[in-house]
Amino acid sequence: MSDYLAYRDVDRAFYENHLRDLVPARLFDAHMHVHLAQHVPPLTDELRARNWAGAVSHPAYPVEAAEADYAKLFHASEVSRLQFGTIYREADFEACNDYNAAHADQRRVWTLLVLDPTLPADRLRERLLAGRFSGVKPYWSMVPGKAEADVKLDEMISPEQLEVLDDLGLIATIHVPGPERIRDAHTRQVLRDWCARYRNARFVVAHLGRAYAFPFARDTFADLATIDGLLFDCCAVLNPDVFELAFRTIGPQRILWGTDFPVLSRMRGYRVWEGETYRNITSADYPWNTDRQPPEVEAQYTYFIYEALKGMREGAERAGLTTADLEDVFGANAYRLLAGG
Ligand SMILES: [Zn+2]
C-alpha cells in the first residue's frame, strides 16, 4: 500500500466522529469495479480526457485490492458486493467479464456483464447464464463510433437484449449518457417505457442519474419517483442536498448504497459544487489535478468515500430517515434485489 493510501489518524478520527454510528455491521456495495492490468488499454490522452475517473482506476484494481480496501475502510463491517469490470470499448472487456464472473459466488459477491450493445440476444443469454451474471452494465462508451454527447440511452441496450433481461429477470445498472444526464427528457422517457414494458427486469440508475450537482436533482427527482419499479444507486454522490431530496422524493427503499471503488478509495479530499458543475478538491496525484492546496491543508484530507458517507448522513438526517431506512439503503434493498431475500 502506498503511503498516500495508508490509514492515517485523520481517517481514524473522521470515522469515529462521523461514521461509526452510521455504518451498519452488514453492508452491500451495489456498485464497484474490478479489473486486471491486462484487461485495460494503455491510458492515452484521449482516454484520459474522456473521463477523469479513468486515470484513478488505472492500471488495475484486482479483487484482492478491493477486499483490502473494505477491510481498511469498513473494519467493523462485513461487506458484500455487486462488482463489474472497467468500462472501455478498447478494453478486453469480455476477459474482464470472465474475471468478474469467476469471483462471483452469489453469496457474498455478485456480478454484472459489461455489455456490448451489438451482442446478439442468443449469445447474450448464453453468456449471462454460463457466467451466472446478475444482469448487465451498459455504458455509453460501449456504443461503437459515437461521442458521449451523441449517445442515447436506448442505443446502450438493444430491444432484443432487453427481452433477454426481462425473460431472465435480471438487472441493468445504467449510467445515463450525455451532458444533460438525468435531466435529458428522452432518457427519462426511455426509463419509464422500459419499466412499464419489461416488468420482470430491474433497472437501477447509477449515481442517482449523475445528479452530483443539485440542479440535476431538483429538476428530475420528483418525476423519477413516479416511475414504477425504478431503482437507484447513490455511489459517487457526495452532496447532502442531493441526498436529502433523493430520500424525500424517491425514498430510501429504492436507493442502493455503493462505493464506486476504486475511484472513491484512491482519492483524498472533498467536492465543491458551483451551480451545475462540481470540482474534486483532492491531493491525489493525477494529471487533471491542478487545483492544489498547501501541504498542511491537504494533510487533513480523508478518503472520498468517507466524505460521501458524511454527505449521505447529513441528507438522511435532514430527511428524517430511521435506522431501518438506512439499513435498507446500506444493504437490505440490494439483498432483496440480488439474493431474492
Ligand atoms: Zn462506476
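First, a definition. A helix axis here is a line fitted to C-alpha atoms over the stretch in contact, and angles run from 0 to 180 degrees between N-to-C directions. Keep in mind that this is a predicted model.

Now the first pair. Helix H1 covers residues 9-19, and it packs with H15 at an angle of about 15°. The axes of H1 and H15 are 11 Å apart. Angles under 35 degrees count as roughly parallel. H1 and H15 are therefore roughly parallel to each other. The crossing of H1 and H15 is left-handed.

Which residues of H1 meet H15? From H1, they are Asp-11, Phe-14, Tyr-15, His-18 and Leu-19. Their partners in H15 are Tyr-306, Leu-309, Lys-310 and Arg-313. By class, this contact of H1 with H15 has 5 nonpolar, 1 polar and 3 charged residues. Look at the spacing with this in mind: an α-helix has 3.6 residues a turn, so residues three or four places apart point the same way.

Second pair. Helix H13 is residues 240-249, and helix H15 is residues 304-319. The axes of H13 and H15 come within 7 Å and cross at roughly 45°. That makes H13 oblique to H15. H13 passes H15 in a right-handed crossing.

The H13 side of this contact has Pro-240, Phe-243, Glu-244, Phe-247 and Arg-248. The H15 side has Gly-311, Met-312, Glu-314, Gly-315, Ala-316, Arg-318 and Ala-319. By class, the contact of H13 with H15 has 6 nonpolar, 2 polar and 4 charged residues.

Stay with H13. Which of its residues are buried? Val-242, Phe-243, Glu-244, Leu-245, Ala-246 and Phe-247. So much for the list; what do the buried residues of H13 pack against? Three helices come up: H10 (207-210), H11 (214-218) and H12 (221-224). Strand S9 (255-256) and H15 are also among the packing partners. After H13 comes Gly-251, whose phi is positive, near 95°.

On to the core. The largest nonpolar core has 104 residues. Phe-203, Val-205, Val-237 and Ala-246 have the most contacts inside it. H15 gives the largest share of this core, 7 residues.

Take Phe-203. Leave aside its neighbours within four places in sequence. Then Phe-203 is in contact with Ala-172, Ile-174, Leu-191, Trp-194, Cys-195, Leu-230 and Leu-231.

Next, Arg-202. Its place is in strand S7, residues 202-205. Is Arg-202 buried or exposed? The cut-off for buried is 20 or more other C-beta atoms within 10 Å. Arg-202 has 21 C-beta neighbours inside 10 Å, so it counts as buried. Beyond its neighbours within four places in sequence, Arg-202 is in contact with Ile-171, Leu-231 and Leu-337.

Last topic: backbone angles. Most residues other than glycine have a negative phi, and most peptide bonds are trans. Here are some exceptions.

The peptide bond from His-58 to Pro-59 is cis, with omega near -5°. Pro-59 lies in the loop between helix H3 (52-57) and helix H4 (63-73). His-58 is found in that loop too. How is His-58 classed, buried or exposed? It counts as buried, because it has 20 C-beta neighbours inside 10 Å. Leaving aside neighbours within four places in sequence, His-58 is in contact with Val-40 and Leu-43. Its C-alpha is 9.4 Å from that of Pro-41, 17 residues apart along the chain.

The peptide bond from Phe-261 to Pro-262 is cis as well, with omega near 10°. Pro-262 is in the loop between S9 and strand S10 (269-274).

Now phi. Arg-132 has a positive phi, near 50°. Where is Arg-132? In the loop between helix H6 (121-130) and strand S5 (135-137). Arg-132 is exposed, because 12 other C-beta atoms lie within 10 Å.

Arg-210 also has a positive phi, near 60°. This residue is found in helix H10. Arg-210 is partly exposed, with 19 other C-beta atoms within 10 Å.

That's my tour. Over to you.

Technical notes
Residues are numbered from 1 along each chain as its sequence is written. This is a predicted model: local features need pLDDT of at least 70, side-chain atom pairs count only at pLDDT 80 or more; totals for chains, interfaces and linings use all residues. Helices (H or I, at least four residues) and strands (E, at least two) are DSSP runs, numbered from the N terminus. Angles under 35 degrees count as roughly parallel, over 145 as roughly antiparallel, 65 to 115 as roughly perpendicular and the rest as oblique. A crossing is left-handed if the near helix is turned anticlockwise from the far one by less than a right angle, and right-handed if clockwise. Two residues are in contact if their C-beta atoms, placed from the backbone, lie within 7 Å. Ala, Val, Leu, Ile, Met, Phe, Trp, Tyr, Cys and Pro count as nonpolar, Asp, Glu, Lys and Arg as charged, and the others, Gly among them, as polar. A nonpolar core is a set of buried Ala, Val, Leu, Ile, Met, Phe, Trp, Tyr and Cys residues joined through C-beta atoms within 7 Å.
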